[in-house]
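I opened this model to look up its strands, helices and charged pairs. My notes follow in the order I made them.

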Amino acid sequence: MKVSVEEKFEMWNYKEKGLNEDVMNTRYVQYSEVAWEEGNQSSWGEFILLGVSDRPQLELLLFVLILISYVMTLLGNIIIIVVSRLDPRLHTPMYFFLSNLSFLDLCYTTSLGPQMLVNFRSARKSIPWAGCVAQLYISLSLGSTECLLLAIMAYDRYAAVCQPLRYMAIMSPRLCLQMAVTAWLSGSSNALVKTLLTLRLPRCGRNQIDHFFCEVPALLKLACADTSANMAELLASSVLLLLLPLGLILVSYGYIGAAVLRMRSAEGRRKAFDTCTSHLAVLSLFYGTAIYMYLLPPSQDRGKLVSLFYTMVTPMLNPLIYTLRNKEVHWALRRVLGRNPTEERGNGSSQWEFILLGVSDQPRLEMLLFMVFLVLYVMNLVGNLTIIVVLWLDPSLHTPMYFFLSNLSFLDLCYTTSTVPQMLVNFRSTHKSISWAGCVAQLYVFLSLGCTECLLLVVMAYDRYVAICQPLRYTIIMNRRLCLQMAATVWLSGFGNSMLQTILTVQLPRCGRNRVNHFFCEVPAMMKLACVDTSANEAEAFAVSVIFLLVPLGFILVSYSYIVTAVLRIRSAQGRLKAFNTCASHLAVVSLFYGTAIFMYLQPPSSYSQERGKMVSLFYGIVAPMLNSLIYTMRNKDVHRALRRVLGRLFGSKRT
């Protein structure tokens with residue numbers, strides 16, 4: 001007879017048994033391992049992705065093809081993003097949307113490709129419940145966004161070809177940003193609704209997904225309840241996000257085709273038609289396979305192999321067809337790789353470009369910072385990627401603590417990547433520029449992730465409080481659904497707040513000023529460019545900083561005070577020492593992150609020094625994320641053992 005979690009709590013109630021604190025802690029560790037092991041073995045804890053496991057030869061072929069496709073996607077889209085950012089001649093609406101598409105495709109394939117490749121070479125093709133939810137939401141969000149972004153790009157081409165004299169007036173920087181933000185937010189919102197509707201369906205213990213990854217049609221097949229309402233909602237949203245954008249694209253290309261036919265030059269017509277044919281080929285492949293997957297009648301079988309086209313093949317073809325065949329990109333790439341450092345760059349307008357001054361007046365310090373931040377960034381990438389992969393692949397770490405740590409590692413990875421590559425490029429360049437769209441994107445992403453980290457550290461402190469102060473109720477309090485809700489709330493709150501602050505900052509008139517006395521685009525430095533009164537913006541930024549800095553810090557300190565009180569009751573001196581060392585390490589990182597952020601955002605505007613401020617921002621923007629991976633997990637013996645197990649499985653070793 002199986003013993004329930006509640007019965008185990010009764011069996012291990014240390015008050016009834018009269019156990020002391022040390023024995024209770026030992027029992028708690030044993031219980032946690034058993035309870036989470038049971039959770040991992042249950043259908044709630046993980047899913048099995050069947051793929052084509054019954055055909056090993058096809059599996060090996062797909063592994064090779066998808067690996068090649070994924071590498072090409074990474075290289076192609078990274079080249080496009082870097083070249084579009086570094087070459088001022090490509091700071092136009094067309095390349096702004098193309099860089100959005102490249103970044104989207106990069107994330108889209110990364111949300112699916114690595115897990116697929118691991119499963120192709122693994123005997124147990126599992127994915128944790130939280131990983132499946134994240135994969136479902138991210139792939140749905142990015143897929144929906146791409147549907148809308150392709151329609152926007154078609155409209156951009158229509159304006160360029162059919163309204164050439166009014167093109168720059170129509171496609172203004174503000175309109176481009178609004179259209180891009182609308183596409184991303186619409187895709188994320190649609191994915192959130194679909195994910196929640198799919199997850200709430202009962203599965204009655206079923207956890208074998210006949211697919212390569214977690215996708216709505218495959219997950220609906222697991223439901224043991226009526227899914228007609230989900231099917232109807234899926235059909236309605238698919239019509240809105242597939243057929244409607246496709247219709248707008250075809251209308252746009254209809255007008256483009258009519259305009260091209262009016263061209264007198266036969267060579268010009270042939271070139272334009274070649275370009276349109278290439279674009280339409282990719283559109284047909286993406287929309288055609290997506291429509292086949294999502295708009296077929298429910299009784300018809302969905303081809304899991306078909307899904308590989310719009311998730312892996314199209315993102316690989318996009319850089320080839322949209323830009324790598326484009327002569328402007330070829331020339332820009334040559335300029336970036338072999339440009340004259342003293343070459344006059346820029347388009348003569350501060351509208352599309354900012355100059356990031358950094359420490360350009362101190363070349364030696366600039367060289368030192370380049371070396372230091374290059375090392376820190378590489379350490380940050382290696383440390384956080386290692387943590388994410390190990391926590392993903394090792395079932396023994398599928399616990400609330402490591403779920404939040406994997407969120408923190410992913411956040412720190414994105415946090416530093418939003419600023420450091422641009423800083424490193426500017427350290428070795430004489431013209432330290434960033435496009436207007438790149439600056440806005442950097443401002444938004446950096447703010448979003450910074451606010452999210454403030455809240456995530458609170459959630460992690462609460463998790464540790466429950467684990468130490470409520471050990472017997474830990475797995476009931478920190479259940480998987482609550483963990484997911486807390487993580488989702490943290491991410492949505494951070495990105496929602498950042499949207500407000502970014503809009504309020506960007507809309508300030510600058511009167512032609514474009515020289516930012518900072519290493520990257522950040523609110524205090526951007527406000528200094530304004531040529532109007534910014535007191536309202538400063539008051540709003542101060543109020544938000546209190547909410548996202550002082551309030552979370554207060555909660556963290558309260559949580560750790562309870563933790564310290566509980567630790568002091570431990571009778572073992574060695575146990576107390578170990579607990580205090582762990583708390584001290586965590587509090588050191590929290591102090592560094594919050595302390596420097598408070599110095600930057602909560603000091604009076606009159607006392608703000610840009611020279612001090614830009615140096616201080618490096619601590620919470622680069623140093624703290626690197627230390628997080630070292631202090632929170634790389635010193636953790638559980639992670640060390642899990643890393644050895646993962647490496648042993650990957651390389652065929654029997655060592656555990």
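**Entry 1: a three-stranded sheet**

I started with an open sheet of three strands, in the order β5-β4-β6 and with mixed pairing. The edges are β5 (433-435) and β6 (515-516), each with a single partner strand, so one side of each is left without a neighbour in the sheet. I noted that the model is a predicted one.

I then looked up how β4 meets β6. Strand β4 (residues 353-356) pairs with β6 in the parallel sense, over two bridges. I found that I355 has R515 in β6 as its bridge partner. As a reminder to myself, strands of a sheet pair through backbone hydrogen bonds, either parallel or antiparallel.

**Entry 2: strand β1 and its partners**

Next I went to strand β1 (residues 46-49). Three bridges join β1 to strand β2 (residues 126-128), and this pair runs antiparallel. E46 has P128 in β2 as its bridge partner. β1 is also joined to strand β3 (residues 208-209) by two bridges, and that pair runs parallel. There I found L49 opposite I209.

Are the residues on the two faces of β1 buried or exposed? E46 and I48 on one side, and F47 and L49 on the other, are all buried, and both faces are covered. In a regular strand the side chains alternate between the two faces of the sheet.

**Entry 3: helices**

I checked the length of helix α7 (residues 129-162). Its 34 residues should span 50 Å at 1.5 Å a residue, and the end C-alpha atoms are 49 Å apart, which agrees. Of these 34 residues, 24 are buried, so α7 is largely enclosed by the rest of the structure.

I did the same for helix α11 (residues 228-261). Here 34 residues should span 50 Å, and the end C-alpha atoms are 47 Å apart, which agrees. I also noted that α11 bends by about 35° at V239.

In helix α18 (residues 436-469) I looked up G438. G438 counts as buried, at 8% relative accessibility. The C-alpha atoms of G438 and S84 are separated by 9.5 Å, although the two are 354 residues apart along the chain.

**Entry 4: a nonpolar patch**

Which residues make the nonpolar surface patch? They are L60, V64, I68, M72 and L320, and the patch is about 390 Å². Helix α4 (residues 56-86) gives the largest share, four residues. I68 is in α4, and at 45% relative accessibility it counts as partly exposed. An α-helix has 3.6 residues a turn, so residues three or four places apart point the same way.

**Entry 5: salt bridges**

How many salt bridges are there? The count comes to four, and I wrote down some of them.

The side chains of K125 and E59 meet in one, at 2.9 Å from N to O. This pair links distant parts of the chain, 66 residues apart: K125 is in the loop between α6 (113-120) and β2, and E59 is in helix α4. K125 is buried, with a relative accessible area of 9%, and E59 counts as buried at 9% relative accessibility.

R645 and D394 form another, also listed at 2.9 Å, N to O. R645 is in helix α25 (residues 637-650) and D394 is in the loop between α15 (363-393) and α16 (400-417), 251 residues apart. R645 is partly exposed, with a relative accessible area of 22%, whereas D394 counts as buried at 1% relative accessibility.

Last, D463 forms a salt bridge with R464, the closest N and O atoms being 2.9 Å apart. D463 counts as buried, at 2% relative accessibility.

Key:
Residues numbered from 1 in each chain as written. Predicted model: local features only at pLDDT ≥ 70, side-chain atom pairs only at ≥ 80, totals over all residues. Heavy atoms only, no water. Pairing = 2+ DSSP bridges. Patch = residues over 30% accessible without salt bridge, like charges linked within 9 Å, V, L, I, M, F, W, Y side chains within 5 Å. Areas by Shrake-Rupley, 256 points an atom, 1.4 Å probe, with all protein chains shown as cover. Buried < 20%, exposed > 50% of the residue type's maximum accessible area, 1.4 Å probe, protein only. Expected span 1.5 Å × (residues − 1). Bend = angle between axes of the 7 residues up to and from the residue.
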